[in-house]
Amino acid sequence: MNQKPTLTTTGGAPVPDNQNSITAGPRGPVLLQDYQLIEKLAHQNRERIAERVVHAKGWGAYGTLTIENDISKYTKAKVLQPGTKTEMLARFSTVAGEAGAADAERDVRGFALKFYTEEGNWDMVGNNTPVFFVRDAFKFPDFIHTQKRHPKTNLRSPTAMWDFWSLSPESLHQVTILFSDRGLPTDVRHMNGYGSHTYSFINEKNERFWVKFHFKTQQGHQHWTNAEAEEVVGKTRESTQEDLFYSIEKGEFPKWNFEVQIMPETDADETPYNPFDLTKVWPHGDYPLIHVGTLELNRNPENYFAEIEQAAFSPSNVVPGIGHSPDKMLQARIFSYADAHRHRLGTHYEALPVNEPRCPVHHYHKDGSMHFKSNGCPVDAYYEPNSFNGPVERPDVAEPPLKISGDAARYDHREGNDDYSQPRALFRLFDDGQKSRLFSNIAAAMQGVPQEIVDRQLKHFELVDPAYAEGVRAALNAS
Ligand code: NDP
Ligand code: HEM
């Protein structure tokens, strides 16, 4: 048998006894000088950090992104050049539940990817849905409040959810997905991922293209009905964690086809819908999917807390060749995530091993919590400009100017916006069985909601398709 290592204090000194406190006599009391006991209790008191305000329950693994197709005419990003294989981390999540929530719940799934590229980290922080409930970040905190607990009852409130949705018709598309079969995937291997927002690609000639990212499951889609999920939760609250962890342990590595839709920059002025509106997809008929490569997950983390709980994803992490877009929601997210990480993890959260870029990092940020090591600058170069060979900017990676126009104002995003056509296209994709489950899932979620709110929501379903409203009405009457 191998020699066991010596147990030490966090200061590295050997611990003589890890079973018995120092007491005055065998019956106690304990002496304050037992700093080893104090250290143990103090560490336990600090074992929890703030959970994510949304997407608190999550599951993660490492893997690789391999590029198989040549899309260099659209992007110069090194991570996307043919033949490139990049190490990455994925974290999947539910949105509303707390860190201890059951996995098999009807909810959107987060699909967050961090690619450790040679030009810095590229984070693709998406969902398993191509659209979202709101299109202006002003409404995001309100929307999330309806998904979390009521201030008095401390219970989830169907009334709050349907009140908000029925007053926000832009939510119809995502609501239809949420209550369809795909709203309750059996696990994360059997679902797609979407960047959802429109991003930019920038090529070597510094031309911009708009792009949407898709990750299509190679495992096929699998979902649970509400009744099946209830049974699963009765047996295990950790069904997704078990599925992902043990699939990878067994060598059954989940894979996704990585695909993009590309829109030439000037098309954005001509599409009948706003291509920067997060409640809309780009129809495949107009912008077909282009195969780019394969995403594979093949390694479990060694330490869940260090590598998954402390993982910090942010849409602000882009690399040369990939940029943002005028999507209002995306711009709010560029601010919100790094702000959340500084609060949840600490100022220098990017120095944690799981978040640390796998390329040289040189910056002029100084001091603050979690400042573990040098910021990569020569010792005298702690300000800029300097004469001591400190790091300098690289103008060649500047994005081309973005053409914008218009007067600054708070424009009504609901005015003249068609919230019904795309949910209609989705509704008409469903077969009879899918439609009937959609109706009963919605009716089940509306239990106890005041009639006035139900009627307001039914009017929206009516505008999508009379059969949609009719089906939900019948399911409500039957329940
Ligand atoms: P297409 O028929 O070309 O594409 C349909 C898309 O819908 C496919 O991506 C498919 O994903 C997905 N899909 C199929 N069945 C379901 C389902 N039961 N629940 C959710 N998604 C499903 O049509 P369009 O591109 O014109 O889009 C029509 C509608 O499809 C849209 O309004 C939107 O609601 C939905 N959709 C569109 C996407 C897009 O990017 N255009 C992406 C996802 C959904 P898969 O191939 O994995 O089966
Ligand atoms: C997590 C904000 C919209 C996907 C988070 C977190 C915040 C946040 C603060 C917690 C971050 C952390 O503590 O680590 C917002 C805001 C939004 C928004 C302000 C709108 C303005 C979206 C959208 C998507 C999305 C549209 C998907 C397309 C995710 C995912 C996570 C997350 C996947 C979990 C990341 C992880 O696994 O660590 N969001 N969000 N969010 N959000 Fe959003």
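This is a short tour of the structure above, one selection at a time.

Before you click, know that this is a predicted model: local features need pLDDT of at least 70, side-chain atom pairs count only at pLDDT 80 or more, and totals for chains, interfaces and linings use all residues. Residues are numbered from 1 along each chain as its sequence is written, while chains are lettered from A and ligands numbered from 1 in the order in which they are written.

**Stop 1: the annotated domain**

Select residues 8-392. An unreviewed UniProt entry annotates this stretch as "domain: Catalase core". UniProt positions are given in the numbering used here, feature names are shortened, and annotations may be inferred rather than shown by experiment. The span is 21% helix and 19% strand, and its end C-alpha atoms lie 43 Å apart. Helices (H or I, at least four residues) and strands (E, at least two) are DSSP runs, numbered from the N terminus.

**Stop 2: the nonpolar cores**

Now pick M88, A90, F115, W122 and I322. These have the most contacts inside the largest nonpolar core, a group of 49 residues. Strand β3 (residues 109-117) gives this core its largest share, 5 residues. A nonpolar core is a set of buried Ala, Val, Leu, Ile, Met, Phe, Trp, Tyr and Cys residues joined through C-beta atoms within 7 Å. A residue is buried if 20 or more other C-beta atoms lie within 10 Å of its own, exposed if 12 or fewer, and partly exposed in between, with C-beta atoms placed from the backbone.

Stay on I322. Leaving out residues up to four places away in sequence, I322 touches T75, A77, W122, Y199, S200 and F201. Two residues are in contact if their C-beta atoms, placed from the backbone, lie within 7 Å. Then try V108, W165, V175 and I442, which are among the 22 residues of a second, separate core.

**Stop 3: R189**

Go to the loop between α4 (172-178) and β5 (193-194), where you'll find R189. Is R189 buried or exposed? R189 is buried, because 23 other C-beta atoms lie within 10 Å.

**Stop 4: Y337**

Next, select helix α8 (residues 328-344) and find Y337 in it. UniProt (unreviewed entry) puts a "binding site" feature at Y337. Y337 counts as partly exposed, because it has 19 C-beta neighbours inside 10 Å. Setting aside residues up to four places away in sequence, Y337 touches V125, F313, S314, P315 and S316.

**Stop 5: two helix pairs**

Show α2 (residues 140-147) and α3 (residues 158-166). They pack at an angle of about 150°, with their axes 7 Å apart. That makes α2 roughly antiparallel to α3. Axes are lines fitted to C-alpha atoms, for helices over the stretch in contact, and angles run from 0 to 180 degrees between N-to-C directions. Angles under 35 degrees count as roughly parallel, over 145 as roughly antiparallel, 65 to 115 as roughly perpendicular and the rest as oblique. On the α2 side, look for D142, F143, T146 and Q147; on the α3 side, A160, M161 and F164 make the contact.

Finish with α11 (residues 451-464) and α12 (residues 466-478), whose axes are 5 Å apart at an angle of about 140°. That makes α11 oblique to α12. Here L458, F461, E462 and V464 of α11 meet P466, Y468, A469, V472 and R473 of α12.
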